[in-house]
Amino acid sequence: MFQERFYVQKAWFGLIILWSFVRIATAELYFAKYGINIWIFAVIEIVSSPILARASSRMAVALKYHEIRQSILWGGLTMLSFSAPDVYLLTAGRGLPWIAYGIVLLLMTVAGTASVIKLKQKVSLQASLNCGDDLQIVN
């Protein structure tokens with residue numbers, strides 16, 4: 001079971017890092033022309049991605065064990081690390097079309113909501129099965 005958790009945790013980390021490079025390439029392609037310093041965006045994205053991976057897994061564990069204060073703490077850190085690159089993008093861009101603000105905010109909202117719903121479903125399923133060892137997210 002430990003080895004399976006290890007691989008799931010590494011896959012989660014890898015997916016988040018891969019996603020960050022997709023976001024960097026997208027920002028370079030669509031937002032650099034509006035004054036976004038792609039290197040600053042890339043540093044924020046790369047620094048926040050491992051924090052996001054760790055914080056979201058810790059939040060899941062805290063939710064699993066009904067540790068409300070810990071889940072709020074890790075949830076806040078998850079939210080900050082998730083939104084930091086987008087906040088930079090929206091605040092540093094000069095002359096961004098309003099549609100760009102709308103798209104970035106919509107993507108942030110949809111991705112955040114989907115993550116919360118999926119996490120809640122996973123934690124609820126674990127609680128209903130009453131099998132503490134089967135949760136795939138490791139702190």
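Trainee: Let me start with a side chain. Is tryptophan 98 buried or exposed?

Mentor: First, a reminder that this is a predicted model. Exposed means over 50% relative accessible area. Tryptophan 98 counts as exposed because its relative accessibility is 75%.

Trainee: Which aromatic pair does tryptophan 98 form?

Mentor: Start with the general idea. A pair of aromatic rings is described by the distance of the centres and the angle of the planes. Here the count comes to 1 aromatic pair. Tryptophan 98 and tyrosine 101 make a tilted pair, with 5.3 Å centre to centre and 40° between the planes.

Trainee: Where do tryptophan 98 and tyrosine 101 lie?

Mentor: Both are in helix H4, residues 98-129. They sit 3 residues apart, about one turn of the helix. An α-helix has 3.6 residues a turn, so residues three or four places apart point the same way.

Trainee: And what is the relative accessible area of tyrosine 101?

Mentor: Tyrosine 101 has 22%, so it is partly exposed. Buried would require under 20%.

Trainee: Let me step back to the whole chain. How many helices and strands are there?

Mentor: The chain has 4 helices and 0 strands. Read from the N terminus, the elements run α-α-α-α. Of the 139 residues, 32% are buried.

Trainee: Now a single helix. How far does H2 reach from its first C-alpha to its last?

Mentor: Compare the span with the value expected at 1.5 Å a residue. H2 has 27 residues and reaches 38 Å, close to the expected 39 Å.

Trainee: Where does H2 bend?

Mentor: H2 bends by about 25° at serine 48. A proline follows within four residues, namely proline 50.

Trainee: Which residue caps the N-terminal end of H2?

Mentor: Look for a side-chain oxygen and a backbone nitrogen. Asparagine 37 is the cap, and its side-chain oxygen lies 2.9 Å from the backbone nitrogen of tryptophan 39.

Trainee: What happens just after H2?

Mentor: Check the phi angles there. Histidine 66 takes a positive phi of about 55°, and this is a residue other than glycine. Histidine 66 belongs to the loop between helix H2 (38-64) and helix H3 (68-92). Its relative accessibility is 61%, so histidine 66 counts as exposed.

Trainee: I would like a contrast. Is serine 20 buried or exposed?

Mentor: Serine 20 is buried, because its relative accessible area is 1%. Serine 20 is found in helix H1, residues 2-30. Setting aside residues up to four places away in sequence, serine 20 touches Glu45 and Ser49.

Trainee: One last residue. Which residues is phenylalanine 82 in contact with, leaving aside neighbours within four places in sequence?

Mentor: Phenylalanine 82 contacts Leu52, Met108, Ala111 and Gly112. Its place is in helix H3. Sequence distance and spatial distance should be read together. At 26% relative accessibility, phenylalanine 82 counts as partly exposed.

Methods:
Residues numbered from 1 in each chain as written. Predicted model: local features only at pLDDT ≥ 70, side-chain atom pairs only at ≥ 80, totals over all residues. Heavy atoms only, no water. Helix = DSSP H or I, 4+ residues; strand = E, 2+ residues; numbered from the N terminus. Buried < 20%, exposed > 50% of the residue type's maximum accessible area, 1.4 Å probe, protein only. Expected span 1.5 Å × (residues − 1). Bend = angle between axes of the 7 residues up to and from the residue. Polar contact = N/O pair within 3.5 Å; in protein donor to acceptor, adjacent residues only side chain to side chain. Contact = heavy atoms within 4.5 Å. Phe/Tyr/Trp six-rings, centres within 6.5 Å; stacked < 30°, edge-to-face > 60°.
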